[in-house]
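Please open the structure in your viewer and keep the sequence panel beside it.

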Amino acid sequence: HVSPDIEDAMHQLCQHPRIRNDLLAWYANETGVHFRKHVLPKLSSWQLPVPRTEAQSLLAKTIGLLGEAQEYYLRETSALLEKTSDPSRVAAYQDFQIKTIERLHVRVRQSLPLPRLQDTMASLFYQQMKDSLRDNGNPELCLKRKECQCSLDVEFLLLVQLHEIGLGGALAERAFAQAMHSFLKKAAIERRCFQVDWSGQTTVMPMLRNWVESYVTPFVDRSLAALTGNGAPMMSEMDAARFASIAVANLGRRRTAAIFDYVKSWPASTAAFLDIQEYLACMPHDKVLVCDSFIKQAETRLLHAGASTTEILSIYANVIHSFRLLDARGVLLEKVAHPLRSYLRGRDDTVAIIAASFLADVGPDGNLINSDSEKVCADISNEVSYSALNAMDNEHKTLRYDDMNWTPDPIDAGPDYKASKSEDVLAYVLGLFDPEDFIKEVTTVLAQHLLQASDPEYVKEIRLVELFKSRLDATKLQAAEVMLKDVHDSVSLNKRINPARDTTRAHTEPPTPREIQAGIPDEGTTLHSLYTRYEGRMKPAQFYAALKLVAIKRQDLYFAKRTRLPPEPPRTPIPAATIPKDPLDFRVQVLSSFFWPQMRANDFALPPSFQEREQGFQQAFARLGNQRKLHFRHALARVDLRLELEDRTLEQKDVPVWRASVINALASPDWETDHSEPSETTAEQLISHLQMDEELVLDALAFWTAERVLYQPLPTSGLYAILERLDMDVPPPHPTLSTHPLSAQQQQTPRGAADGLLSSALVTSQASLLHDNAPMFQAFIANMLRNGGAKEVGGMMGITGMLRMVLPTFTFGEAETAWLLEGMEGRGEVRRRGEEWSVV
């Protein structure tokens, strides 16, 4: 109860500002003493770290306690306001009450640990936001509608109470901003709504922006109004856009943290890179972050000895695709590809794998056909299959002064940046190494591929050489063109010498226009490349006239017309009775030895029928007016044969001829033997009779033993015999019981593994070629230094350059030249002074 005297006294005191301030100071002191004695001890829990599970209960307890204290301290002024109706007195009492509340709120903030209080409030706000998304969201429906409609909510009564007890304002705003920062960094973007769109392959960034603008921004406005008591402040457009940018940047950084996994799964991860693209458009300064993140992940997970070269090349191809999507100018690609290129250049098998990948066969499903996945990169093979032939691809933009679309290099480009028009995977792969080294390796692989190719038209090989000519120095590909011409000429040569071998009219009659049209690839071909397929069946004038009907010329390439040709009359099949029958179909490939890599030169005796065919082919070849001399490479010959045994018949395809010679010698031996059974033979006898190298004989014996065509009647005697019946075979003894050195080596060969010993080594390796020809190279070096004086290893007129210029067989680099010189130095033939070498 407030008496009239007390009310009059308060009115008199509040009328004078100085007296009113003294009264406020006295009352603040009195309430402060009471607060420290009765309220503050109950808030001692804030002096210790607050567990996350107890944050809500502690805040609720604090709000209730401070609310009761505030109501108690304002009880007198509230009673005065209820008693009077005089406007002047109401204003004075309200001013006294407001200032009392302000001083109380200051005391509350000074008495509590504000950093811990802010962190606790932020944790509670974040948890409530996260729970509201879980309770109010339906990700499946959002994905179906392509629009996120998950709403946000917190206990707004809690926000109002915090403001009323003095824990609102700037402190609560900082806590709410901290919670919103964590929310946009974690809970908001970790939901199913904003995961990578693996099925639709579209970016989710627009959906994230719309959700922030439609749901997050209004929620922030309502929350700040409750915390500050400022009604309903509206966020400006700039602040709303900043919120959306923060959400996009957080999602982009989350994608960047797993960018290496996305590169590995390309192109299924296209949507992830579209998200990163939107992120970089919003935060262009984070390009360095994206590049550094990928480089660190690649160095940790890829660039080490445990990763195969094919795997690194495959990821390198994916890097080119994905980072070209992020930045079409190629600046980012140059930065992230540099470590991969440097590492690939340091691996010895990189060039060989790239060359083999260019020649590998790829099926319609993109998988390799009859290729070792450890020696061939399927991604590069697929790029070769779908690459377009463009003669201008290797032309540098900055060298074309008539290019009206020329643009300067980007300002953020590095010193190694090249504005090349060729922006596909093949251009970057071909740029890994020096063109001469790459062409040398490709020529070696192409030679082995041509020797084993089964397509008589060599369409893939022609297309590949044209591809290299369009992207590399065409003058360096003379050897490859000669090799292609040799295999094409060999096909027509076999037809001319053995015309009866063609069993169908398709290879003898002139091609129809429809056949020529079907033979033109989609990316176009040259006139010479196309005519080489039909030069044995049609004259040039006739071919050119037929080509005009079905093709159109653009620059130097011919492309198939889209017009439909009239139907052709069916051809009459050749009667089977007119096809000559011969047990031996003998075909020869005539190669120009000067342009082909050095081949295996093992020589040995062939079966008599083979020798007769060789002599007949040589005579026919001479009658055609050829001036070249033929030297048969028996180690490269392959045969298809059939073995008729007592209880079974076996057929073998593509067998090296040395294996056929060995089994032929065992099947019909025509030399004297000391053994009772003429069909039992030792490895030494076969070596002597066939004049064959020991390794070839052992390989043949291992192969036929594994195929159960040969066996050893007495395993310890080293004798081999034909296994006419499977019941004649005896189990082999333990290898340590064998007394014959050749048979012991033979028995240790695993069954089925003998086929890979020698049959694939058609072309001599570069190391073997260097060692075999080292005396010739060293003799030339000695004469050169003796006649021309001291020279350096490198340089245009150095030792390496002179060797390459004069000796076509020298296809090595400066390291190999240094190895030759060191060998000569060890024998006292040359000496080194600084960088120059001279004769002693």
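This is a predicted model: local features need pLDDT of at least 70, side-chain atom pairs count only at pLDDT 80 or more; totals for chains, interfaces and linings use all residues.

Residues are numbered from 1 along each chain as its sequence is written, and side-chain values use heavy atoms, with hydrogens and water left out.

**The whole protein**

Show the cartoon: the secondary structure comes to 33 helices and 12 strands, where helices (H or I, at least four residues) and strands (E, at least two) are DSSP runs numbered from the N terminus. Of the 840 residues, 44% count as buried, that is, under 20% relative accessible area with a 1.4 Å probe and protein chains only, whereas exposed means over 50% and partly exposed lies in between. Among contacts with a separation of 6 or more, 70% are between residues 24 or more positions apart, contact meaning heavy atoms within 4.5 Å.

**Helix H2**

Select residues 17-39, which form helix H2, and pick out its buried residues: Arg20, Leu23, Leu24, Tyr27, Ala28, Thr31, Gly32, Phe35 and Val39. What covers them includes helix H1 (4-15), helix H3 (55-73) and helix H5 (87-111).

**Helices H9 and H10**

Next select residues 169-187 (H9) and 205-228 (H10), which pack at an angle of about 155° with their axes 9 Å apart; axes are lines fitted to C-alpha atoms, for helices over the stretch in contact, and angles run from 0 to 180 degrees between N-to-C directions. That angle makes H9 roughly antiparallel to H10, since angles over 145 degrees count as roughly antiparallel, under 35 as roughly parallel, 65 to 115 as roughly perpendicular and the rest as oblique. On the H9 side the contact residues include Phe176, Met180 and Phe183, and on the H10 side they include Trp211, Phe219 and Leu227. By class, the residues of this contact divide into 10 nonpolar, three polar and one charged; Ala, Val, Leu, Ile, Met, Phe, Trp, Tyr, Cys and Pro count as nonpolar, Asp, Glu, Lys and Arg as charged, and the others, Gly among them, as polar.

**Threonine 256**

Which helix holds threonine 256? Threonine 256 lies in helix H11 (residues 237-257) and is buried, with a relative accessible area of 3%. Leaving aside neighbours within four places in sequence, threonine 256 is in contact with Ile276, Tyr279, Leu289, Val290, Ser293 and Gln297.

**Aromatic rings**

Rings of Phe, Tyr and Trp (its six-membered ring) pair if their centres lie within 6.5 Å, and planes under 30 degrees apart count as stacked, over 60 as edge-to-face and the rest as tilted. By this rule the count comes to 18 aromatic pairs. Tryptophan 266 and phenylalanine 273 have ring centres 5.8 Å apart and planes at 75°, so the pair is edge-to-face, and both residues are buried.

Phenylalanine 777 lies in helix H31 (residues 766-788) and phenylalanine 810 in the loop between helix H32 (799-806) and helix H33 (814-826), so the pair ties together parts that are 33 residues apart in sequence. Phenylalanine 777 is buried at 0% relative accessibility, and phenylalanine 810 is buried with a relative accessible area of 3%.
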